[in-house]
Amino acid sequence: MKSLGVGLVRLSLGFWHGLRDPEFQAIIFLLTMSVLGGSIFYHWVEGWSWLDSAYFSVVALTTVGDATLGPTTGVSKIFTMGFSLVGIGLVLAFLSRLSSYRDLERRD
């Protein structure tokens with residue numbers, strides 16, 4: 001349990017160090033806009049609540065998957081395919097940059 005706590009502290013410190021990097025800031029901005037855009041889309045097209053729309057956007061971007069929510073219209077299915085493909089790249093870029101800052105913390 002102690003190692004989990006240490007890992008979370010290092011991850012948090014890496015995140016705060018990353019906030020000084022313009023590239024990291026840009027990735028966070030793009031991820032935020034992706035979740036916001038996906039939420040708006042699913043809210044209006046699927047008629048989901050804002051919370052369900054935001055939840056599904058994050059689930060689609062992180063490839064977690066959830067059987068309780070899913071697009072029902074053809075437009076939503078096509079949007080979700082593109083949204084996931086682009087978003088997964090953003091999430092991977094975010095995690096890659098974040099891990100590099102976490103590694104810097106370990107070296108200090």
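User: Why is R97 called partly exposed?

Analyst: Its relative accessible area is 23%, and partly exposed covers the range between buried (under 20%) and exposed (over 50%), with a 1.4 Å probe and protein chains only as cover. So R97 counts as partly exposed. Keep in mind that this is a predicted model, where local features need pLDDT of at least 70, side-chain atom pairs count only at pLDDT 80 or more, and totals for chains, interfaces and linings use all residues. Residues are numbered from 1 along each chain as its sequence is written, and side-chain values use heavy atoms, leaving out hydrogens and water.

User: And what makes D21 buried?

Analyst: D21 has a relative accessible area of 16%, so it falls under the 20% limit.

User: How do you know that R97 and D21 form a salt bridge?

Analyst: The term asks for a side-chain nitrogen of Lys or Arg within 4 Å of a carboxyl oxygen of Asp or Glu. Here the N to O distance is 2.2 Å, so the pair qualifies. R97 sits in helix 4 and D21 in the loop between helix 1 and helix 2, so the bridge ties together parts 76 residues apart in sequence. Helices here are DSSP runs (H or I, at least four residues), numbered from the N terminus.

Note on methods: Helices (H or I, at least four residues) and strands (E, at least two) are DSSP runs, numbered from the N terminus.
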